[in-house]
Amino acid sequence: MYASNSASQWGSPTAPRKALLIHGLISCSSSWEGVAQLLVAEGFFVVAPNLLGHAWRRGTDYRVSTLAEDLRPYFINDTSYDVVVGSSLGGTVALSLLPFLPKTKQVTVILLDPPLEREETVEMDKSWVLDAITNVKTAEELVDEFGWSRRDCVIAALGVSMCDRTTVEEIFSHNRPWSFSGLFKNIPPHVKVTVLAGDPEAGAICLPEHVPCNIERLNVRVLPGIGHAIQLERPEAIMDVIQLPRAKL
């Protein structure tokens with residue numbers, strides 16, 4: 001893996017398949033390390049951008065649509081991806097990217113516990129996030145609290161430390177009302193979307209009832225006992241959604 005101010009990449013650019021991974025709020029591209037390694041082992045070239053407002057990237061407009069527009073360079077020259085995964089805020093960004101996905105191949109889009117309808121809890125959500133960046137926990141504290149690997153906790157602490165209060169406040173203020181379920185109406189014919197929802201009792205924030213019913217090419221899977229950070233707690237659930245080639249007998 002190597003990182004820059006804008007993205008991290010894993011694997012060979014000549015790999016037969018490509019994946020685009022979009023991180024969540026107060027996170028960073030390196031947070032995909034574990035999932036990216038699993039994908040590389042399956043023959044993927046993996047790209048994970050840093051969203052505006054993260055990893056020291058700054059902007060003035062933090063609407064989700066603007067965060068998505070900022071990723072348009074990753075689709076230049078009709079660059080296409082077999083898999084697009086978005087975690088939390090990155091899930092809503094991925095939804096906004098659906099119209100940009102080149103129609104040259106079938107695309108699997110996986111949304112990890114996306115905050116679809118949070119208007120009623122948006123002030124509470126903002127307070128929690130602001131507290132997280134004001135009182136950044138050490139990797140050791142995160143290990144004790146969540147039981148994640150030390151690697152993932154070091155990266156999580158780094159991601160939080162590279163965000164500031166102004167960015168967080170503007171992300172919340174620029175996206176009112178916080179309502180993104182309507183974006184599911186724009187699923188193109190060549191795209192299949194799966195929402196992996198965690199367990200609210202374990203800290204998840206995507207409620208299955210916020211995902212519209214009876215929409216073609218849209219599936220929802222609930223992961224009992226799994227919290228908000230699905231890519232850290234259950235990365236194999238992501239791999240289960242991806243249609244991997246069958247091994248030759």
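Helices are DSSP runs of H or I with at least four residues, numbered from the N terminus. By that count, H4 supplies the largest share of the lining of the largest pocket, 6 residues. The model described here is a predicted one.

## Pockets

About 1,200 Å³ of space lies in the largest pocket. Its lining comprises 39 residues, and those closest to the pocket centre are Leu25, Ile26, Trp128, Trp148 and His228. At least two lining residues come from each of helix H4 (122–134), helix H5 (139–146), H6 and H8.

For the second largest pocket the volume is about 290 Å³. Here 16 residues form the lining, with Val107, Thr108, Lys192, Val241 and Gln243 the closest to the centre. Strand E6 (107–112), strand E7 (191–197), strand E8 (218–222) and H9 each contribute at least two residues to this lining. Strand E7 gives the most, with 3 residues.

The table sets out the linings by residue class.

| Pocket | Volume | Nonpolar | Polar | Charged |
|---|---|---|---|---|
| Second largest pocket | about 290 Å³ | 5 residues | 6 residues | 5 residues |

Rolling a probe the size of a water molecule over the atoms shows where empty space is left.

## Helix H1 and its surroundings

Helix H1 spans residues 33–41, and its buried residues are Glu33, Gly34, Val35, Ala36 and Leu39. After H1 comes Gly43, which has a positive phi near 90 degrees.

Among these partners, H6 and H8 each also supply at least two residues to the lining of the largest pocket, while H9 supplies at least two to the lining of the second largest pocket.

## Ala237 in helix H9

Helix H9 contains Ala237. Ala237 has a relative accessibility of 8% and therefore counts as buried, the cut-off being under 20%. Which residues does Ala237 contact, once its neighbours within four places in sequence are left aside? The contacts are Leu196 and Leu223. Between Ala237 and Leu196 there are 8.2 Å from C-alpha to C-alpha, although the two residues are 41 apart in sequence.

## Aromatic pairs and a charge over a ring

A pair of aromatic rings is described by the distance of the centres and the angle of the planes. The structure holds 4 aromatic pairs. One of them joins Phe75 and Tyr81, with ring centres 5.5 Å apart. Why is this pair edge-to-face? The planes of Phe75 and Tyr81 stand at 80 degrees, and planes over 60 degrees apart count as edge-to-face. Phe75 is buried at a relative accessible area of 8%, and Tyr81 is buried at 5%.

In the pair of Phe172 and Trp178, the ring centres are 5.6 Å apart and the planes lie at 35 degrees, so the pair is tilted. Phe172 and Trp178 are both buried. Together with Phe180, Phe172 and Trp178 form one aromatic cluster.

A charge also sits over an aromatic ring: the charged end of Arg72 lies over the ring of Phe100, 4.0 Å from the ring centre.

## Backbone features in loops

Most residues other than glycine have a negative phi, and most peptide bonds are trans. Several sites in this model depart from one or other of these patterns.

The peptide bond from Arg176 to Pro177 is cis, with omega near -5 degrees. Pro177 belongs to the loop between helix H7 (165–173) and E7.

Asn77 is not a glycine, yet its phi is positive, at about 55 degrees. Asn77 is placed in the loop between helix H2 (64–69) and strand E5 (83–87). Is Asn77 buried or exposed? With a relative accessible area of 76%, Asn77 is exposed.

Arg217, likewise not a glycine, has a positive phi of about 65 degrees. The loop between E7 and E8 holds Arg217. Its relative accessible area is 27%, so Arg217 is partly exposed.

Notes
Residues numbered from 1 in each chain as written. Predicted model: local features only at pLDDT ≥ 70, side-chain atom pairs only at ≥ 80, totals over all residues. Heavy atoms only, no water. Buried < 20%, exposed > 50% of the residue type's maximum accessible area, 1.4 Å probe, protein only. Phe/Tyr/Trp six-rings, centres within 6.5 Å; stacked < 30°, edge-to-face > 60°. Lys NZ or Arg CZ within 6 Å of the ring centre and 35° of its normal. 1 Å grid on protein atoms, 1.4 Å probe; cavity = no way out; pocket = protein on both sides within 12 Å on 5 of 7 lines; lining within 4 Å. Points joined across faces, edges and corners; volume = space filled by probe spheres on them. Nonpolar A, V, L, I, M, F, W, Y, C, P; charged D, E, K, R; others polar. Contact = heavy atoms within 4.5 Å.
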